[in-house]
Amino acid sequence: MHAYTGALFHLWVFLGSFLLFQVELIVARLLLPSYGSSAAIWTTCMVFYQAVLMLGYFYSSRVALAAHQGRYRWTHVFFVLLAAAVFPFRLHPFELHPIAAILLTLTFSLGLPFLALSTTSVVAQGWFTRTDHPSRSDPFFLYGTSNAGALSAMLTFPFLVEPALDLKQQLLCWYLGYGAFTVLALLCIQRVHPALADGAPRAPADVQAASAPRAPLASRVTWLLLSASANALLLAVTNVLTLDASIPLLWILPLSLYLLTLIVCFSKRPPTPRGLHRLALGSLIVAAGAALFALARAQTSLPSLVLHSAVLWVGCLLMHGNLVWCRPGDPRHLGSFYFHVSLGGLIGTLLLALVVPLTLGALALPYLDHGLTGLLLLGGLAARDAMRRGQGLPVSRVAPYFSAGAALFVIAVLALSGWMLSRGRIEGSRTFYGLYTVKDAEGLRLFQHGSTVHGVENLHPDERGEPLSYYHRGSAVGRVLSSDSIVRERVAVVGLGIGSLAAYGRPGEHWDFYELDPEVERLARQHFSVLGASPADIRVLAGDARLRLEEAEDGHYDVIVLDAFSSDFVPTHLLTREALALYLQKLRPDGLMLFHVSSRLFDLVPVLTRLSAELRVQGLVSQTERLTPEELASGRSPSVWFAMSPAPDVVAHLTRELPFRQVQAPPDVLDRRVWTDSYVNLLHALAN
C-alpha cells in the first residue's frame, strides 16, 4: 500500500503541473495574433503566471496546517471542481495598454483553473505528511515531481502537441486531463488520515499548535532573493533567445533548463554542494567554448544559444541548490517557504518584464537585463551567508569580499557595454513590441529591430531617400515596383520599417502602411527621410494589420506587400489561410501580392507554396540576387520574395520580365497541413 500511496501522489502532482504548464503555452499561443507576435507577450504571461503561483502558495500556506491536521481537505476538492465553471476558455479582449490588456484577459479567462492547479504541489505535500508512507516526514521530493511534470509539458508541446493538434483539439485534451486531475485528487484524499480528534495514527510531521511560529526573517529574505535571482535570469536569457523570433519553441528552451535545475535540486537525493559545484564548473567550460565561437563571429546562432543556455543552467543550479540547502527543517514552515519562493519569482519576473522596460527602456541596452540579474544573484548569495551566520553555521571569510568584487565587475561590464554600444548610436527605444536602435556606421544610417536591420539610408545628401537594404532597386521588390507594366494606384504595405518602399511611390498614387507599433513611425519620420520624400500620398495606419485591413473596401488595392517582421521572424498569424483569404478579398482581381520571406531562421517558401495551392492562386518565388562586395558595403542586402496573383497576365509578366519563377507544391509539401489561425507547425518552417 505504501507504493500505491506514493505512486498516487506522484501521479497527481505530475499531472497537475503538466496541465499547468501546458495551458500556459496554449493560451500564450492564442494571444500571439492579437498582439503582433511580440516576445513581450510571453514575458507578460510569465508575470501573470508568477502572480497566480504566489496566490496559490499563499492559499496553500494558509491551509497547510489544516491539511497536516486532516481538516478542510474536502474544501480543497470543491475548489478544484469550481474551476470547471470557466470551461471552455474564452479570451476577453480589453482596449488597454498591451500589458494591462493581457493581464486582465488572462485573469478573466484562465485565473481560476490556473490558481487551482498552482496549489497542487504544496497541498499534496501537506496531505502526504498525514499518510502512513515512510517518507511522510520529508515531502519535498514531490516538488521535484511537480517540476518533472512541468518539464514534460514544455518538451511535448512543440514536438508532439502543436504539430499534431490544432488549438481546439489541444484545449479539448486539456479539459479531459483536468477531469482526470480531479479524480486523482479524490483518490489522494482518501489516503490521508482523518482529523486528529478521531484517534487515527499521527504522522511525525503533525503539530499540536493551531499556528506555527514565523520563520526567521533572514531565512525568508534568503528564500525570496534566491528565487528572484533565478527567475530574473530565466527572463533575461529568454529575452535574448526570443530577440529574433517569439515562438513557443524558443520560449520553451530556457524554461525547460530552469525546470530541470529544480528537478535536480529538489530530488529525493539532492546533490551535495561539492557535486553541484563540479556540475556548474563543467557547464562553465562549455559556456567558455561557446563564447569563443561567438566572439569569432561564427556563421551560426548555435554558439550564442549554447552560451546563454549554459549561463542559465549554471546560475539556476546554484540558486536552486542553495534554496534546497536553506529549506526549513520544520514542516510547519512548508507553506511559508513556498510562498516566499513564489513571491521572489514574481519580483524577479516583474523586474525584467515591467520595471526595466518601463523605466529604463530608453537605454535600449541588450544586456542590461543580464547585469541587473547578476547583481540580484550576488544579493541572494549574500543573504544566504547572513542566514548561515545567524544559525551559527560556518561562512567563508572571503565571501563578502568576493561578492563585492563581483558586483563591481558586473557594474563595470555594464558601463563598458553601454559605452561601446553608444558609439554611433542616435537613439534607442524599448517598447512592448521590441528593441529598436537607430545608429550611424560608415556613412549609413541603420534602423535595427532586435538583432536584425530593417532599414538603411545613405547619409550623403545626394543619396537621401534612396531605397537600400532588402528594397534596393535591383531587388525583386524593387524591380516589380519600378515596372510600368504593374498597374497600381493603391498600394498596401504591412510593416513600416523606415518606409523604404515609399521611395517607389509616384504622384497620384495612394500608399497605406500598416504598422503595429507607433514608435516605429516616430523613429522613421524623425531620423530617416524616405517617407517625407515620397511623391505618393502616404498614410500610416497604426494597429494590427489584419484588423485594420478588414476596414478597407473589398478589391481596394492593386498591390499588397507583406513586409512585417518581429526582428527576423514574420508573425505567423499573417501567414495563415484566413489571413491570405483576407488579402485576396482586399485585392483587385488583377492585383499582386508580395511577401518578404528573407530569414536566417526560417524557410517560409514551402509554407506559402502550400497556401497558394490551398487557395488556388499561382505562387512565384524570386531568384536571390547576387551582390558584389561593393554593393553590400553600400547598404544593399540580398532578399527573397514570394509573389501571388490571381491574374494569369500578371503571373506571365513576372516570369517573363522579372526575376520570378513559378512554383508547384511537391507531394511532400501538399501532404502537410495548411497553416490556419488554429494550427501552425513551425518545425516544418525551420531553415536547414
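**A helix on the inside**

Reply: Helix H5 (residues 120-128) has 9 of its 9 residues buried, so the rest of the structure largely encloses it. Buried here means under 20% relative accessible area; exposed is over 50% and partly exposed lies in between, with a 1.4 Å probe and protein chains only. The buried residues of H5 are Thr 120, Ser 121, Val 122, Val 123, Ala 124, Gln 125, Gly 126, Trp 127 and Phe 128. Helices (H or I, at least four residues) and strands (E, at least two) are DSSP runs, numbered from the N terminus.

Bear in mind that this is a predicted model: local features need pLDDT of at least 70, side-chain atom pairs count only at pLDDT 80 or more, and totals for chains, interfaces and linings use all residues. Residues are numbered from 1 along each chain as its sequence is written, and side-chain values use heavy atoms, with hydrogens and water left out. pLDDT, the predictor's confidence in each residue, runs from 0 to 100; its mean for the protein is 83, and 86% of residues reach 70 or more. Over residues 195-210 pLDDT stays under 50. Where pLDDT is low, the predicted coordinates should not be read in detail.

Now for a helix pair. Helix H1 (residues 2-31) packs on helix H4 (residues 98-118) at an angle of about 170°, their axes 10 Å apart. That makes H1 roughly antiparallel to H4; the cut-offs are under 35 degrees for roughly parallel, over 145 for roughly antiparallel, 65 to 115 for roughly perpendicular, and oblique for the rest. Axes are lines fitted to C-alpha atoms, for helices over the stretch in contact, and angles run from 0 to 180 degrees between N-to-C directions. Contact means heavy atoms within 4.5 Å, and the residues making it include Leu 19, Leu 20 and Val 23 of H1 and Leu 106, Leu 110 and Phe 114 of H4.

Next, the sheet. Here 8 strands form an open sheet with mixed pairing, in the order S7-S6-S5-S8-S9-S11-S10-S12. Strands pair if DSSP finds at least two bridges between them; the edge strands, S7 (537-542) and S12 (660-663), each pair on one side only. The twist averages 20° from one strand to the next. Helix H20 (residues 605-615) packs on the sheet, touching S9, S10 (618-622), S11 and S12, and its direction makes about 5° with that of S11. S9 (residues 587-596) and S11 (residues 641-645) pair in the antiparallel sense over 4 bridges, with Leu 594 opposite Ala 643 in S11.
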